[in-house]
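Welcome to a short tour of one protein chain.

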Amino acid sequence: MTTRISHTPPRSATVARPGLGARGLVKRYGTETALSGVDIDITPGEAVAIVGPSGSGKSTLLHVLAGILPADSGEVTLGGRRIDTLGEAARSELRRTEFGFVFQSGMLVAELTAEENVALPSLLAGTGRGAALADAQGWLARLGLEGKERNRPGELSGGQAQRVAIARALAHRPSVIFADEPTGALDTRTGGETMRALLDSAAECGAAVVLVTHDRELAASLPRTVTIRDGRIESDTRAGSVTAS
């Protein structure tokens, strides 16, 4: 029996958090259609797993929602404001301020220490170095990495490196965290611990989590699972109920 991971943000953390939505998303790569009219809503603080077979469009959906890829048609909104029509500079700013990212490989900067990796988004946003590093140290401590602040990625285990990536994603207190196979390179135990750390930390700052995974057991542990197949949402399961598309 799969244990469902709780993701209930503290009441104070959910104040003024914008919801993420999409309508009629279509994305093509040449003659191949990756998304074929997808509608989805992510409420503030919600944790959602997106699953489907290889090539189903799940990673494309994540990238379009995050403003990394433009859709060919349709719209994406954050807090009711369209973000798909923003220029590249504005979308980059949005990704630095409202969105956080955790990928399978972590994508840490090898030359930087753990605290510098976590502080990097804040530094790029203009925060002073001292304040950014102090905040980074706080997030690393929350994620059980106290004493590892000066370690570089090559000096950390896989699970520790992913926790650094989680801290980096959370340091600027985003509205939405996008996670693409964040436990794919980890063993089962470490992956479970990392996932709990991600969800607990996201709940602490009221961030929604959009998780793409091929791991059905992991997906079933979240409060909501969206299954995508052939570029369309096939089902939308919420803790005890199923909505088929």
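## The chain as a whole

Among the contacts in the chain with a separation of 6 or more, 71% are made by residues 24 or more positions apart. Please keep in mind that this is a predicted model. The chain holds seven helices and eleven strands. Its radius of gyration is 17 Å, close to the 18 Å that the globule rule gives for 245 residues, so the chain is as compact as a globular protein of that length.

The C-alpha trace spans about 50 × 45 × 40 Å along its principal axes. Of the 245 residues, 52% count as buried. The chain exposes about 11,200 Å², and 49% of that area is supplied by carbon and sulfur atoms.

How many aromatic pairs does a search of the whole structure find? The search gives three. One of them joins F99 and F178: the ring centres are 5.1 Å apart and the planes stand at 90°, so this pair is edge-to-face. It links distant parts of the chain, with F99 in strand β6 (residues 99-103) and F178 in strand β7 (residues 176-180), 79 residues apart. F99 counts as buried because its relative accessibility is 0%, and F178 is buried at 0% as well.

F178 also pairs with F101, and here the picture is a stacked one, because the planes are at 20° and the centres 5.7 Å apart. Again the pair links distant parts of the chain, since F101 belongs to strand β6 and F178 to strand β7, 77 residues apart. With 16% relative accessibility, F101 counts as buried; the cut-off for that class is under 20%. Taken together, ring pairs link F99, F101, F103 and F178 into a cluster.

Does helix α5 sit mostly covered or mostly uncovered? It is mostly covered, with eleven of its 13 residues buried. These buried residues are G159, A161, Q162, R163, V164, A165, I166, A167, R168, A169 and L170. They pack against β6, α3 (114-124), α4 (129-142), β7 and α6 (188-204). Both β6 and β7, the strands that carry F101 and F178, are thus on the list of packing partners of α5.

The length of α5 (residues 158-170) can be checked too: at 1.5 Å a residue, its 13 residues should span 18 Å, and its end C-alpha atoms are 19 Å apart, which agrees.

Have a look at W139 next. R142 lies over the face of W139, at 4.4 Å from the ring centre.

Finally, turn to T183, which is placed in the loop between β7 and α6. Is T183 buried or exposed? At 12% relative accessibility, T183 counts as buried. Leaving out residues up to four places away in sequence, T183 touches G191, M195 and L218.

Conventions. Residues are numbered from 1 along each chain as its sequence is written. This is a predicted model: local features need pLDDT of at least 70, side-chain atom pairs count only at pLDDT 80 or more; totals for chains, interfaces and linings use all residues. Side-chain values use heavy atoms; hydrogens and water are left out. Rings of Phe, Tyr and Trp (its six-membered ring) pair if their centres lie within 6.5 Å; planes under 30 degrees apart count as stacked, over 60 as edge-to-face and the rest as tilted. Helices (H or I, at least four residues) and strands (E, at least two) are DSSP runs, numbered from the N terminus. Buried means under 20% relative accessible area, exposed over 50%, partly exposed in between (1.4 Å probe, protein chains only). A charge sits over a ring if NZ of Lys or CZ of Arg is within 6 Å of the ring centre and within 35 degrees of the ring normal. The expected span of a helix is 1.5 Å times one less than its number of residues. Contact means heavy atoms within 4.5 Å. The radius of gyration is taken over C-alpha atoms; the globule rule is 2.2 Å times the number of residues to the power 0.38. Accessible areas come from the Shrake-Rupley method with a 1.4 Å probe; for residues, only the protein chains shown count as cover.
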